[in-house]
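Welcome, and thanks for taking a look at this one with us. Below is a short briefing to read alongside the sequence and the model.

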Amino acid sequence: MQTPSKNICCGILCTCFCCLLQAQNIKKSPFIVHGGISTSGTFYTSNESDTFKTRPHYAWNIYGSFAPKINKFSFPFSFVINDYSRNSKPTYIQMGISPTYKWAKLHLGTRYIRFSPLIYDGQSFTGAGIELNPKSFRLAAFYGRLSKAISIDSVQKNIPRYSRIAYGAKIGIGSASNFIDLIYFHAKDDSSSVSFTNNDTIVDPQENTVLGSSFKLTFFKKLIFTGDIAASGWTPNLSADSITSDTTNYKKLVNFVSNFMTVNISSLASFAGQSTLSFYSRYFNASFNYRRVQPNFNSLGTPYLINDIELFSLTNNFSVAKGRLNINSGISQQHNNLDKKSNTELKTWVSNIGVNAILSKHLNLNLNYFGYNQNQKVNVNTTLSDSALVQQSISQFSATASYNLTKESKLHFISGNLNLSSVNNKNVLLAPQTNSNNLSASIGYSLGFIKKSYSFSVNGLYNRYKQESTNYRSYGANVGSVISLLKEKNLSLQGNVGYYYSSFILAAGTKSNSSNFTYSLNTGYTAKRHSFNLFFNYLYTPPKLINDEINKVFHYAAAFKSFTGSISYAYRL
């Protein structure tokens with residue numbers, strides 16, 4: 001039996017589709033189409049054992065995006081076909097089209113409509129959708145599949161997944177600068193889409209309904225206030241026992257909610273909200289953000305949303321000296337355990353500041369600092385060892401400088417980077433394994449001959465990673481050149497040669513050294529609407545002799561060799 005809300009969404013889709021078909025007295029105009037298609041293939045081989053290989057020998061993909069237009073109609077269409085699998089999984093195919101006429105847009109296939117970051121955001125659906133925006137009226141709706149079913153594979157040891165069907169609607173009034181929307185979303189797993197045996201790890205099918213609102217208010221074109229609120233009903237296990245009159249004191253509420261979703265003893269209800277107040281001016285911008293997501297809040301339309309969190313943040317940036325000096329900074333604080341039911345509470349502080357200075361027309365300097373502090377405390381009436389608590393701080397500082405100079409027909413460019421970072425863990429048990437001081441530095445120089453269309457570059461780098469029990473160092477250099485050929489300079493050749501050396505020293509005095517040689521070649525050709533590219537890379541790690549018997553069995557560990565190649569073609573309309 002279909003729920004009333006599902007019937008409403010289906011009715012909206014049918015009604016809105018009819019609106020797209022209404023186009024009378026339209027004068028003929030030339031047919032225009034923009035877009036392109038591209039395809040690529042990647043090849044990989046090495047002397048690794050098949051047991052240890054982490055990538056397939058061959059992978060390919062085809063991508064296309066077109067936007068035909070005739071009169072006031074447009075038909076944006078895109079598709080993706082690829083195969084990156086190392087096993088017998090089927091080729092991935094995704095396509096969709098969004099016919100558009102003035103303020104009406106129809107979505108068919110795999111498409112995306114943004115609702116709210118708390119309700120439905122960050123994933124596409126495969127089905128049908130509609131968007132209508134006549135003047136100040138705003139309407140959007142969709143129905144489709146969010147994810148395909150994934151059956152259990154005893155060989156790959158994968159995690160099974162149910163087929164998930166969802167639908168939603170958004171209705172509101174306003175414009176891009178001032179609006180208010182009411183949003184409804186529902187998703188449910190198809191429990192019959194995956195079969196389990198007695199030895200399988202069973203995954204529970206879920207169902208979810210979310211109701212909420214989003215708004216945006218703009219004052220004087222400089223002050224903007226936005227917000228999102230949502231209330232969620234979530235049933236994490238559709239197979240759980242039903243609620244009876246003996247197990248609840250909210251019979252009327254349960255009966256009402258049951259019209260929109262399945263309610264049983266596993267069902268949970270919660271809410272979430274967020275808001276941002278921003279100020280914009282020519283030389284100064286600032287934003288204050290607040291987010292609160294209650295424990296047990298869940299929307300199957302926002303798969304990466306973290307619950308049980310309260311967050312405050314303040315960011316700003318300003319420029320002086322006619323934009324030659326830009327400074328941005330930010331600070332945020334968040335914590336969990338909002339209902340005070342957990343034994344511990346984790347509080348996190350994050351701060352950052354960045355300075356970009358244009359010292360002259362040739363010299364540029366960029367400085368950045370990032371700080372991260374975690375402190376976990378134990379609630380009252382809870383006994384927990386200090387060695388089980390998280391108490392650490394992370395600091396990172398980076399400086400980048402660049403200098404460019406054009407003299408006659410030569411372009412000189414010099415750049416350098418320095419990065420310092422440290423981890424300070426106050427947990428006495430974990431400190432020896434986690435405390436570290438790291439240093440990374442690089443310097444590069446390139447020389448370009450403008451009239452002759454070729455350039456030369458050399459780069460060097462150094463890394464040091466130091467812990468109480470280990471010490472890792474590496475350094476290397478890379479030399480490369482690029483040249484453009486033919487009369488129109490549409491044939492390019494690029495080559496690089498690199499050498500890298502690393503050493504690893506344990507506290508006990510054990511040492512391990514290794515070196516790598518890399519060779520790469522890239523060529524590209526463009527002609528009007530066509531472009532063609534070839535790429536080759538060879539990596540060689542010299543053998544490190546252990547003993548003859550081991551080297552015969554594990555030759556790939558003694559001398560590693562790998563070859564990667566790719567070919568691509570693109571056509572632009």
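Which residues does S562 touch, not counting residues up to four places away in sequence? They are Y44, T45, S46, N537, Y538 and L539, where a contact means heavy atoms within 4.5 Å. Before we go further, a word on the basis: this is a predicted model, in which local features need pLDDT of at least 70 and side-chain atom pairs count only at pLDDT 80 or more, while totals for chains, interfaces and linings use all residues. Residues are numbered from 1 along each chain as its sequence is written, and side-chain values use heavy atoms, with hydrogens and water left out.

**Overall picture**
- The protein contains five helices and 28 strands; these are DSSP runs (helices: H or I, at least four residues; strands: E, at least two), numbered from the N terminus.
- Of the 573 residues in the protein, 31% are buried, and the term stands for under 20% relative accessible area, with exposed being over 50% and partly exposed in between (1.4 Å probe, protein chains only).
- Take the contacts between residues at least 6 apart in sequence: 54% of them join residues at least 24 apart.
- Carbon and sulfur atoms account for 60% of the accessible surface, which comes to about 34300 Å² (Shrake-Rupley method, 1.4 Å probe; for residues, only the protein chains shown count as cover).

- You will find S562 in strand β28, which spans residues 560-572.
- S562 counts as buried because its relative accessibility is 7%.

**Salt bridges**
- Searching the whole structure gives four salt bridges, each a side-chain nitrogen of Lys or Arg within 4 Å of a carboxyl oxygen of Asp or Glu.
- One of them pairs R138 with D181, with 3.0 Å between the closest N and O atoms. This pair links distant parts of the chain, as R138 sits in strand β9 (residues 137-147) and D181 in strand β11 (residues 179-190), 43 residues apart. Both partners, R138 and D181, are buried.
- Another joins the side chains of R164 and D189 at 2.6 Å, N to O. Here too distant parts of the chain are linked: R164 belongs to strand β10 (residues 163-174) and D189 to strand β11, 25 residues apart. R164 and D189 are both buried.
- K340 and E345 also meet through their side chains, at 2.9 Å from N to O. K340 is exposed because its relative accessible area is 51%, whereas E345 is buried, at 5%.
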